[in-house]
Amino acid sequence: MEKKDGCVKPSKGVIQTEETKSAAEPVQNGKETQKMLAKVGKPAPDFELSAFFEGGFKNVRLSDHKGKWIVVCFYPGDFTFV
Amino acid sequence: MGVEVVAISTDSRFSHKIWQEEELSKMVDGGVPFPLLSDAGGRVGTVYGVYDEDAGVDIRGRFIIDPDFNIRAMEVLTPEVGRNVSELIRQVKAFQHVVETGEVTPSGWQPGKPTLTPGPDLAGKVWKEWKPEMAFD
């Protein structure tokens with residue numbers, strides 16, 4: 001059962017596969033740093049994030065849409081102007 | 001077209017809720033019909049190359065992903081300039097067409113305009129099939 005929603009809701013963020021793990025930069029200061037992995041013609045980096053949709057909060061994983069055409073749009077912020 | 005859309009910013013899901021209910025629903029009846037995702041800390045934006053570390057936000061980037069989960073197209077803009085949704089739709093239709101038919105779509109292609117079929121017979125003969133003015137609407 002999913003935990004009751006609270007002030008903070010963890011999500012998996014970027015979901016590493018063996019392929020993307022090897023592309024992460026070497027460990028620096030004990031912390032693994034990420035670099036850009038998205039390239040045209042290459043597999044989309046998978047992720048899971050918390051979301052607002054259809055009146056409620058839920059976590060959305062990109063690969064749940066595998067098998068369909070997907071458009072991912074990043075934008076700078078809610079209530080911005082453009 | 002059968003396309004799933006997800007929108008992502010670094011805002012919290014609570015901010016997304018209020019934005020949808022207070023503003024977006026006044027632009028689009030019933031609000032936008034896709035989920036608004038919260039990329040706190042820009043973890044996902046970083047691997048997609050759109051996270052601006054100085055500002056702490058994901059800038060305007062959009063990615064077309066095919067049913068095999070490969071990225072087909074990307075466009076990244078600094079925040080001041082909005083997107084061209086017609087061009088996004090045109091690209092999705094073009095990618096869907098080439099996947100279905102094996103044809104290729106020349107510059108300026110729109111649904112209904114001629115496509116090209118690559119092969120030895122076409123090499124050096126594209127000028128017969130395609131004129132520069134066809135690159136424009």
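## A tour from A:Ser63 to chain B

Begin by selecting A:Ser63 in this predicted model, and then show the residues around it: apart from neighbours within four places in sequence, A:Ser63 is in contact with A:Asp46 and with B:Phe69.

Keep A:Ser63 selected and colour chain A by secondary structure, and you will find the residue in the loop that runs between β5 (56–61) and β6 (69–74) of chain A. Is A:Ser63 buried or exposed? Its relative accessibility is 16%, and because buried means under 20%, A:Ser63 counts as buried.

Now follow the contact with B:Phe69 across to the other chain, and select the whole of chain B. As a cartoon, chain B shows 4 helices and 6 strands, and when you trace them along the sequence they come in the pattern β-α-β-α-β-β-β-β-α-α. Chain B is more spread out than a compact globule, because its radius of gyration is 19 Å, well over the 14 Å that the globule rule gives for 137 residues.

Of the 137 residues in chain B, 36% count as buried, and among its contacts between residues at least 6 apart in sequence, 34% join residues at least 24 apart.

Finally, colour the charged side chains of chain B, where 14 are positive and 22 are negative, and where the centres of the two sets lie 5 Å apart.

Methods:
Residues are numbered from 1 along each chain as its sequence is written. Chains are lettered from A and ligands numbered from 1 in the order in which they are written. This is a predicted model: local features need pLDDT of at least 70, side-chain atom pairs count only at pLDDT 80 or more; totals for chains, interfaces and linings use all residues. Side-chain values use heavy atoms; hydrogens and water are left out. Helices (H or I, at least four residues) and strands (E, at least two) are DSSP runs, numbered from the N terminus. The radius of gyration is taken over C-alpha atoms; the globule rule is 2.2 Å times the number of residues to the power 0.38. Buried means under 20% relative accessible area, exposed over 50%, partly exposed in between (1.4 Å probe, protein chains only). Contact means heavy atoms within 4.5 Å. Lys and Arg count as positive and Asp and Glu as negative; His and the chain ends are not counted. The place of a charge is taken as NZ of Lys, CZ of Arg, CG of Asp or CD of Glu.
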